[in-house]
Amino acid sequence: MTRMTAVELLDLVIDAGSFESWDTPGVDYLVDDAYAVELAAARDKTGLDESVLTGSATIRGRTVAILLCEFSFLAGSIGVAAGERLVAAVHRATAEGLPLLALPTSGGTRMQEGTVAFLQMVKITAAITAHKAAHLPYIVYLRHPTTGGVFASWGSLGHVTVAEPGALVGFLGPRVYEALYDAKFPSGVQTAENLQAHGLVDAIRSPEQLGEIVDRALRIMTDKTPCRTRDSDVVEWEIDDVPAWTSIVASRRHDRPGVRELLFNTAADVLPLNGTGQGEADPGLILALVRFGDMPCVLLGQDRRGQTIKTPLGPAALREARRGMRLAQDLQLPLVTVIDTAGAALSKEAEEGGLAGEIARCIADMVDLETPTVSLLLGQGTGGGALALVPADRVLAAQHAWLSPLPPEGASAIVYRDTGHAADMATKQGVRSLDLLSAGIVDLIIPELPDAADEPQQFCDRVGAVLHRELGELIGQDPDMRRIAREKRFSRIGSVAVNSA
């Protein structure tokens, strides 16, 4: 495939004339005369003094720090001087509070400089880690090719990771594999598209599309939002008192709006992300950077369309959810969870994949998260898969949403040894939204008039307006007081029943 030079890519992505170089002459780590000749030839060939360029520029008017490789300079390899340049640029970006865009293309460590060059990856990673710890965005665009130590360090740490179409991306260079094992590396593995399928890359975009995706990501990650106090005239809806089984049936309608419809109808901006970043993706969960009006958030949504009998919500979905929680923590963005699941997977694979542990870790992460959190019960709320995303500062529920340790049929099977008492069990267990409100589990019920499936646009509009309002209020609260209140709200659940017994 045709490879763009570093300068050509810069000209395509940034605002014209906005690049300011941060590079200063480095000290060559010369091993022998032959290497000195190679360096001189690379400089003559490219007109550059090293394999990396750093600096700042604007993209759609937003100032961004940039790390950029030139593959024509010794295969974009990273030696001591290149590593020092990258580290200095990352530290400067952190000190100036700038988001960081990395555009690597590299064969990895510069072999001519050996182990000392290899250890530069640790220095670069430490600098990136400090940048992220300062709650500053880090976006990575993997270009063709990106391999070796670069991919195994600063190329794999992005909050958002995008790749060039058809790019060769992998840890081990195919030529090295062939030389070591006298066999070709399996085809189709080290491609951007395959990595996306395995949840390692969020999106595949051409260089021409990169400016737009960076702008959209930063619009959500960095645009300041106004704090709001609760309006005294907030609408408090009258909720019809309908039987629990009516809500169970309504929540299972195939045409009921789910998280996809909610985002399509109400979100001002959506940047979908993909997978756990650890080789897994689950169609039952949507992870995205989202804005509801002017309120940004990380959204975790259980997707009713992605969950089927063959592909129920599995442990990978919860690991992806935990990635979203870390992202919210890193970027100091509110977290919104949307609960709509018939239940997590019940299978050998789910057990061996650590489903129970992932549920526990999701709950622990939700309880301890420093940023504002809102949970929305949108439809079915069955079992541990639902519980994992419940513990938030504010818990909202659609009128016909419900929450239960098992589906009513399962509860009936345990108590009565049949499924014929499902409706009776739903009533006795207090699963419906009105019961959850009475128990202090839910803060607000959003009406369905009479059923979300019959008025999808109007229902989504109501939900979006409530999410916007709740996020605005929570952002303005003291973080420590908010976390204390979150802990207290769940410790109180059930205390009324206990005291009256």
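Guide: In this model, which is predicted, Asp202 and Arg323 form a salt bridge, with their closest N and O atoms 2.9 Å apart. The two partners come from distant parts of the chain, 121 residues apart: Asp202 lies in the loop between α8 (192-197) and β9 (203-204), and Arg323 in helix α12 (residues 315-331).

Visitor: Why is the contact of Asp202 with Arg323 called a salt bridge?

Guide: The rule asks for a side-chain nitrogen of Lys or Arg within 4 Å of a carboxyl oxygen of Asp or Glu, and the closest N and O atoms of Asp202 and Arg323 are 2.9 Å apart, so the pair qualifies. By this rule the count comes to 41 salt bridges.

Visitor: What makes Asp202 and Arg323 buried or exposed?

Guide: Buried means under 20% relative accessible area; Asp202 has 7% and Arg323 has 12%, and therefore both count as buried.

Visitor: What makes the charged end of Arg489 count as sitting over the ring of Phe490?

Guide: The charged end lies 5.2 Å from the ring centre, and the distance part of the rule asks for CZ of Arg within 6 Å.

Visitor: Why is the pair of Tyr177 and Tyr181 called tilted?

Guide: The planes of Tyr177 and Tyr181 stand at 45 degrees, with 4.8 Å centre to centre; stacked pairs need planes under 30 degrees apart and edge-to-face pairs over 60, so this angle leaves the label tilted. Tyr177 and Tyr181 are four residues apart in helix α7 (residues 174-181), which means that about one helical turn separates them.

Visitor: Why does the pair of Tyr177 and Phe185 get the name edge-to-face?

Guide: The ring centres of Tyr177 and Phe185 are 4.9 Å apart and their planes meet at 85 degrees, so the pair is edge-to-face, the limit being over 60 degrees. Tyr177, Tyr181 and Phe185 form one aromatic cluster, in which Tyr181 counts as exposed at 53% relative accessibility, while Phe185 counts as partly exposed at 27%.

Methods:
Residues are numbered from 1 along each chain as its sequence is written. This is a predicted model: local features need pLDDT of at least 70, side-chain atom pairs count only at pLDDT 80 or more; totals for chains, interfaces and linings use all residues. Side-chain values use heavy atoms; hydrogens and water are left out. Rings of Phe, Tyr and Trp (its six-membered ring) pair if their centres lie within 6.5 Å; planes under 30 degrees apart count as stacked, over 60 as edge-to-face and the rest as tilted. Helices (H or I, at least four residues) and strands (E, at least two) are DSSP runs, numbered from the N terminus. Buried means under 20% relative accessible area, exposed over 50%, partly exposed in between (1.4 Å probe, protein chains only). A charge sits over a ring if NZ of Lys or CZ of Arg is within 6 Å of the ring centre and within 35 degrees of the ring normal.
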